[in-house]
Amino acid sequence: MYRKKKWLGFLIISPTLAVIGIFVYGFIGATVRASLSDWNSFKKLLSGEFVYTGLRNYERLFADWRFQTDMWNTLFFTVFFLFGCLLIGLILASLLDRPLKGGRVFQSIFLFPMALSLVVTGTVWRWFFAPGILPNDPAGINVLLGQIGLKSLQWNWFTVTDTIGPFNLALIPVIIAAVWQLSGYTMAMYLAGLRAIPESMTEAARVDGANAWQTFWKVKWPFLRPITLSAMIILGHISLKIFDLVYSMTGSGPKNVTDMPSIYMFEKTFRSNRYAEGSAIAVIMLLMVAVVIIPYLISTLKKSD
Amino acid sequence: MGIYVILLIFAFFFLLPVYMLLATSFKPLVEIGMGTMWLLPKQPSLEGFTDSIQRLSPNLWNSFLLVIPATIFSCLLGSINGYIFSKIRFPGINLLFLFVLFGMFIPYQSILFPLIQFLQKTQLYGTIWGLIITHVIYGLPITSLIFRNYYMEVPDEMLEAAGIDGAGLFKSYFLILFPLSIPGFVVAVIWQFTNIWNEFLFAVTITSDPKKQPITVALVNLAGSQMIQWNLQMAGAIVAAIPTLLVYIFLGKYFIRGLMSGSVKG
């Protein structure tokens, strides 16, 4: 009876396994294969002939100034985006983790951007930070800064080509938009974590005379640490593959100041028909995400056993 | 008191772009200028909305045609998968689950080119059905996860009781688990609805005919072509966001629950 159930169970999920096998793993394999080919024009792709070129597409990419910029941009975007989301999420959650009149309303305000499309966010923030290059591009926040007497803060936002080392300052508005959209998520995660802490523990700390700071680090933080790690991994993998937001907000920008691997991949594959190089970018993106995600998946599932 | 001050400061910055969005979208075109951007509209106008709805309505319709079947199919399949992954134990099942789950984290760029070749060969490229199938397939991991987590909470004894009565695998699913699944379905449906509605990469690469594109692609095209008509663009952004915002306003609790199950936990 039980044995039969197991076989039947396997039979029921086997179509899913087959579909995932083909459409995820098989297609990844096909992309890897394409990245090792010479399909860098429509004609060559159409010929259907597979000419193995080794790692030439990858070598070309790593020597490509634009791709190098993309990798730096991804690094800085990820670091600041994560830091912003975690910090703001933690502050908001700590403020809201108490009986508070109107707490629900504040929570909704901080969380609603999560329900929006990244494309909507990009469109809105593009207008917000529009630096005002006339005639086609009126200014956004710069107008407000001028009107309230902060002219000195006016800035060309996502079109500046200034850098600090390899960090493109034009990324700042994009990071702000991304933090605006996703810090509600970290807030919700931290809030759930804080509410799971038994009241007796915070109470005991108070009785022992611990101040708020000590209570936070000694009692609450141990509960929040695993949440921080989960949030870092979830947000980190989002930022490594970010596409919609940048595409709709800034595009690659002057001198690729806001370019990302995903945008370069899109242009290579769908605008200039360099399928093999586009595939190589996709494979590099996959590897970056896999390094973050696979250990996380294995460890969480092990814990649940 | 101090807490409210800090919260209000945060709320101010969170709502600043929303203010700008609303103020701009209700302005007539003549009021869209350098100096008036941050002022409320002097003569509020629905010009932006009527224009953008007129332009976007075919795409809104496409998005509904895409989202509804894709959500239904992916949630039904997810429910069945979640049942097996949570209730039937055999060696290696967790590994199989991992195998499925990985699919939800990959950058879709890494399957995009073969996927499009596949859709072209099967004549599905450029059609809503091509997009529906794509979303159902790549939605399998997350819906399976949501239902697996949900069914984990249902005590095994309830199913075993039915098993003793001779109910088979299907019977115990349809008679016991399925009727209990409504909250799970609400979470999964909301999650899929929101995600598919908001999705852009598949939408922009799988459909090329502007008449067949979902709303997110049409919004980006609107922004690209009409640089000056910001009232139109902002109204368009609101129009594109309304369905998911309504879901968030009325079913926010379930939306947050979906958000939480996205972070795996076994």
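# Briefing on a predicted two-chain model

Helix H4 of chain B covers residues 109-121, and at 1.5 Å a residue its 13 residues should span 18 Å; the end C-alpha atoms lie 19 Å apart, which agrees with that expectation. The model is a predicted one.

**Helix H4 of chain B**

- At Leu115(B), helix H4(B) bends by about 25°.
- Buried positions in H4(B) include the run Gln109(B), Ser110(B), Ile111(B), Leu112(B), Phe113(B), Pro114(B) and Leu115(B).
- Phe118(B) and Leu119(B) are also among the buried residues of this helix.
- The residue Gln123(B), which follows H4(B), has a positive phi, near 65°.

**Chain A**

- Chain A contains 13 helices and two strands.
- The C-alpha trace of chain A spans about 75 × 75 × 30 Å along its principal axes.
- Of the 305 residues in chain A, 45% are buried.
- Among contacts in chain A with a separation of 6 or more, 69% join residues 24 or more positions apart.

**Chain B**

- Chain B has eleven helices and zero strands, and its pattern along the sequence reads α-α-α-α-α-α-α-α-α-α-α.
- Taken along the principal axes, the C-alpha atoms of chain B fill a box of roughly 75 × 60 × 30 Å.
- Buried residues account for 50% of the 266 residues in chain B.
- Residues 24 or more positions apart supply 76% of the contacts in chain B that have a separation of 6 or more.

**Contact between the chains**

- At the interface, 73 residues of chain B are in contact with 76 residues of chain A.
- Helix H11 of chain B (residues 230-261) provides the largest share of the chain B side, with 15 residues.
- The side of chain B that touches chain A is made up of 55 nonpolar, 17 polar and one charged residues.

**Domains of chain B**

- Chain B is divided into domain 1, residues 1-45, and domain 2, residues 49-261.
- The C-alpha centres of domain 1 and domain 2 of chain B are 33 Å apart.
- Six residues of domain 1 of chain B are in contact with eight residues of domain 2 of chain B.
- On the domain 1 side of this contact in chain B there are three nonpolar, two polar and one charged residues.

**The nonpolar core**

- The largest nonpolar core has 167 residues, and those with the most contacts inside it are Val174(A), Tyr190(A), Val246(A), Ile111(B), Leu219(B) and Ala237(B).
- Domain 1 (1-45) and domain 2 (49-261) of chain B both contribute residues to this core, so the core lies between them.
- Leaving aside residues up to four places away in sequence, Val246(A) touches Val174(A), Thr258(A), Met260(A) and Ile263(A).

**Thr71 of chain B**

- Thr71(B) belongs to helix H2 of chain B, which covers residues 47-87.
- Thr71(B) counts as buried because it has 25 C-beta neighbours inside 10 Å, where 20 or more are required.
- Residues up to four places away in sequence not being counted, Thr71(B) touches Val189(B), Gln192(B), Phe193(B) and Ile196(B).
- From C-alpha to C-alpha, Thr71(B) and Ile3(B) are 41 Å apart in space, and they are 68 residues apart in sequence.

Terms used. Residues are numbered from 1 along each chain as its sequence is written. Chains are lettered from A and ligands numbered from 1 in the order in which they are written. This is a predicted model: local features need pLDDT of at least 70, side-chain atom pairs count only at pLDDT 80 or more; totals for chains, interfaces and linings use all residues. Helices (H or I, at least four residues) and strands (E, at least two) are DSSP runs, numbered from the N terminus. The expected span of a helix is 1.5 Å times one less than its number of residues. The bend at a residue is the angle between axes fitted to the seven residues ending there and the seven starting there. A residue is buried if 20 or more other C-beta atoms lie within 10 Å of its own, exposed if 12 or fewer, and partly exposed in between; C-beta atoms are placed from the backbone. Two residues are in contact if their C-beta atoms, placed from the backbone, lie within 7 Å. Ala, Val, Leu, Ile, Met, Phe, Trp, Tyr, Cys and Pro count as nonpolar, Asp, Glu, Lys and Arg as charged, and the others, Gly among them, as polar. Domain bounds come from an automatic or database domain assignment. A nonpolar core is a set of buried Ala, Val, Leu, Ile, Met, Phe, Trp, Tyr and Cys residues joined through C-beta atoms within 7 Å.
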